[in-house]
Amino acid sequence: MKIIGTGSAVPEFTVTNQMLEQFLDTSDEWITERTGIKTRQLMTTERLDDLGVLAAQRALESAGLKPTDIDMIVLSNVINEYMTPSLSSLIQGRIGATCPCLDVNAACAGFIYALDVAEAMLKNGHERILVMAVEAPTLMVDWKARETCVLFGDGAGAVVVTQGDNLKAMRLTTVSKPKPLFGYLAVSKTPWDQKTEPDYYLKMEGREVFRIAVNSSLKDIKSVLATCQLQPDQVDHYLLHQANLRIMDSIRKTLDVAPEKFPHNIEKRGNTSSASVAILLDEMNREGKIKQGDKLVLSAFGAGFCTAACLIEW
Ligand code: COA
């Protein structure tokens, strides 16, 4: 595949750490030191498909394509306001595309999983695919639970991919381990249902997730580097899932590469689940920070645990 356009969108409303201090037993100092997050954007008047529509339109515009030029949409999402239909099908109609649509859920690693699905579809004859990650993790958390709600923000990222040879390596892994990071949905119960489910907010063992994130991302990154016979410092940009600045720093230090090769926007956006890598990619592209021929490693990890990394030449 080859990426020929990028786009993103976040809600208009920004929530600062100081605003969280008003109703949670937390502080700007704690959040900044432990996570790197200063602000995040949350939906107020928007719905998630509104953000998806904007990101899709911006990606199409940047690729110089019309919505009807797209022959598939693959969209990563964990949760949105609709149980059904799929988020990709909602967005398809609103942007005026006519292609088939598919949602995938690989938690925060989903954007890279969606890229891999798109790569397979391109090999199968598709020509132009809109790959999206559209996420509202703020819908999953208990807004009274300081250990999770301060971490997340909402947002959408999109790329248009076409036939090409710029995806140089891909590694996906899933290790079934739900306990450190899971959230039940509030679903309908039949009159005969006898199960008692725990409450439905996101539950997370932060330290365990931190450890798994660092170890799995390092393994994935080393694997794609080995496939391409590259040393860590031969990569121009490492775009990691924006979950915690300390996770990124720990990975960077182990790889022994310069801080400027690990761009981040977590301080502004918080953790936008699988949209984080896609939004960062679009922001860097629009700021002209990615040059033709640059080597990019994308790496993300999340519930499952699902993890993924890929190496792309721009
Ligand atoms: N404000 C203030 N104090 C808080 C807090 C908050 N928002 N959240 C938790 N604390 C407290 C805890 O209650 C605990 O208090 P105690 O020592 O009195 O028990 C203390 O801070 C330390 O908590 P701990 O969970 O050990 O902190 P940490 O350094 O591990 O940081 C995370 C917590 C969640 C920031 C960190 O573990 C993390 O980022 N983990 C990975 C999360 C992640 O990536 N999730 C998404 C994966 S897709």
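Contact here means heavy atoms within 4.5 Å of each other. Helices (H or I, at least four residues) and strands (E, at least two) are DSSP runs, numbered from the N terminus. The structure is a predicted model, in which local features need pLDDT of at least 70 and side-chain atom pairs count only at pLDDT 80 or more, while totals for chains, interfaces and linings use all residues. Residues are numbered from 1 along each chain as its sequence is written, and side-chain values use heavy atoms, with hydrogens and water left out.

Helix H3 covers residues 48-63. Its buried residues (under 20% relative accessible area, 1.4 Å probe, protein chains only) include Leu51, Ala55, Ala59 and Ala63. The buried residues of H3 pack against strand S1 (2-9), helix H4 (87-95), strand S6 (128-135) and strand S7 (155-162). After H3 comes Gly64, with a positive phi near 70°.

In the contact between H3 and H4, Leu48, Asp49, Asp50, Gly52, Val53, Ala56, Gln57 and Leu60 of H3 meet Leu87, Leu90, Ile91, Arg94 and Ile95 of H4. This contact of H3 with H4 comprises 8 nonpolar, 2 polar and 3 charged residues; Ala, Val, Leu, Ile, Met, Phe, Trp, Tyr, Cys and Pro count as nonpolar, Asp, Glu, Lys and Arg as charged, and the others, Gly among them, as polar.

The axes of H3 and H4 come within 9 Å and cross at roughly 60°. Axes are lines fitted to C-alpha atoms, for helices over the stretch in contact, and angles run from 0 to 180 degrees between N-to-C directions.

Methods: The expected span of a helix is 1.5 Å times one less than its number of residues. Buried means under 20% relative accessible area, exposed over 50%, partly exposed in between (1.4 Å probe, protein chains only).
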